[in-house]
Amino acid sequence: MKPSTSERPLGRRTLDGSAPKLALVTVTHPDQIKDRTLQRTIHNHVMRDIGASRRRAPRRAQATLNVPSDFDSERALYRRVGHQDDPHTGPWQLISNIPQSLPSVPGFGLQIDSARAQRLLSYLKRGDVPVCQVLRKICFTLAMTDDSAMSLAQAYSVLYLEPSNQKPFLRESVNALEHYTVSLRLVNEQLTKITGAGWDGVITTVVGLAAYDLGLRKFERWAIHMTGLKKMIQDRGGSMEGISSYHVRMIMTWTELVGSLSLDSPPQFPSPVIPTGRMPVYTASPAMARTLSTLQRRFTQLSDICEVLQSLSGMTQMFSGQQLGYWEGDTSEALSLVVSNALTVPRLALPQDPTDDSAAGLVMREAIRLASLLFLATPVDLYAANAGIAQNLRGRLPKLLRSWVLDWRDLEELEFWILVVDALVEVGEERTWAVSQVHRIMQKRGLNCEDILFELRQFAWFDGILVDELDGLRAEVNMLRDVR
């Protein structure tokens, strides 16, 4: 029998997916396949690509931060973080060189083995309220060159990514406190030797420390940071305009306003300076205009609180229909100015004698002031805060209204607004009382549950806030109506 000849193609698909190179081996006898020289030839050809893959560089990659050539100081960092000429652009310019989500960059092939790096990246790109987004971006950008800011960024990432931590009930872990303490120590060291443009970096980190404490409701620590910031600003001329970054100035303003609103205390810093071209002009709604006219005619000591009411009405009309969580630019300035003015109103002592001639006006003034703070707590919380601001303000307005009898003639719309605002944020017995008062007024004025939101919008109301609370109020009012 004539020996048969078989040809066997050898090879496999290459790593880049291209067609393999084939090698033909001629075998004239079955025993020939056992030849050691032939087996070595086959083995070398088949294992060539496999060996190359094993000799590849490990699957690690480096992210290169392309820093501009003029980045030669911390001041250069802040020129790029926020531009004074155009405050509504710029906070993302330098940080845009850092991949927002490194593992998702096509072809990047990044494998993050560090749990710390995972936390930092996750916190950097997480969704949150606008002011926190800006603070986070600036803090992480500064952390590229500053150890105190890096320690603060690590504290933030540990605090907010702890599975058991849910706002507004954040708890500080030992790990977060360690990073916070390191940041604080490094800042104290910098304060003894920093000069010139380096102050902007220190101020930014201190603002971040204060915001961190606000999220934990550590108001004593927050107050210490704000006092330190005030001294640093005074040492640099006394004006916040000395801080080169517009965005750092606004974050500092909001960090102070959130804490001051939570504690109902006057701000330490002056009201934000808004250029004339962006200064809001408030026009009161017809319902508010009637109320202001009655208040000014009846009481002589309410001019300042009437200005607060008018600004509330004007601002809610100006930004009607906008979603609070996405307000930016001019809205941030306008809202901060309204909050600052409301907190700056003097807190006047109430007379002990209810027959005192000034008693009615002073009590009415305090009721409006407290209701205005409660009303502002929710939009500020949505826009800038890390914790429930209204928690510290509850209970005071019901106590005041239950202790004094006020004349609400021609002020029915104001009375309804005050009681609804109070009912939406109170808890327990105070809420039960406020809801009963809302129900009483609705019966007196012939209003139904669908009229509540309409009445609020006619006076002063931000669309989209306290939606669940409004539904709950309607349900409770309906229950009272059915019972009676």
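Of the 484 residues in this chain, 47% count as buried. Buried means under 20% relative accessible area, exposed means over 50%, and partly exposed is in between, with a 1.4 Å probe and protein chains only.

A word on the source. This is a predicted model, where local features need pLDDT of at least 70, side-chain atom pairs count only at pLDDT 80 or more, and totals for chains, interfaces and linings use all residues. Residues are numbered from 1 along each chain as its sequence is written, and side-chain values use heavy atoms, with hydrogens and water left out.

Now the overall picture. The chain has 18 helices and 2 strands. Both are DSSP runs, numbered from the N terminus: helices are H or I with at least four residues, strands are E with at least two. What about contacts? Contact means heavy atoms within 4.5 Å. Take the contacts between residues at least 6 apart in sequence: 71% of them join residues at least 24 apart. The accessible surface of the chain is about 24,700 Å², and 52% of that belongs to carbon and sulfur atoms. Those areas come from the Shrake-Rupley method with a 1.4 Å probe; for residues, only the protein chains shown count as cover.

Find I305 in helix 11, residues 303-318. Is I305 buried or exposed? Buried, with a relative accessible area of 1%. Which residues does I305 touch, not counting those up to four places away in sequence? V345, R365, I368 and R369. Look at R369. I305 and R369 are 64 residues apart along the chain, yet their C-alpha atoms are separated by 6.7 Å.

That leads to a helix pair. Two packed helices are described by the angle between their axes and the distance between the axes. Axes here are lines fitted to C-alpha atoms, for helices over the stretch in contact, and angles run from 0 to 180 degrees between N-to-C directions. Helix 13 covers residues 359-384, and its axis comes within 10 Å of the helix 11 axis, crossing at roughly 30°. Helix 11 and helix 13 are therefore roughly parallel to each other. The cut-offs: under 35 degrees is roughly parallel, over 145 roughly antiparallel, 65 to 115 roughly perpendicular, and the rest oblique. Helix 11 passes helix 13 in a left-handed crossing. Left-handed means the near helix is turned anticlockwise from the far one by less than a right angle; clockwise is right-handed.

Who meets whom? From helix 11, the residues include I305, V308 and L309; from helix 13, they include R365, I368 and R369. By class, this contact has 7 nonpolar, 2 polar and 3 charged residues. Nonpolar covers Ala, Val, Leu, Ile, Met, Phe, Trp, Tyr, Cys and Pro; charged covers Asp, Glu, Lys and Arg; the others, Gly among them, are polar.

L177, Y180, L184 and L191 in helix 6 meet R221, H225 and M232 in helix 8.

Last, the loops. R217 lies between helix 7 and helix 8. R217 is not a glycine, but has a positive phi of about 60°. R217 is partly exposed, at 22% relative accessible area. D410 sits in the loop between helix 14 and helix 15. D410 also is not a glycine, and has a positive phi of about 65°.
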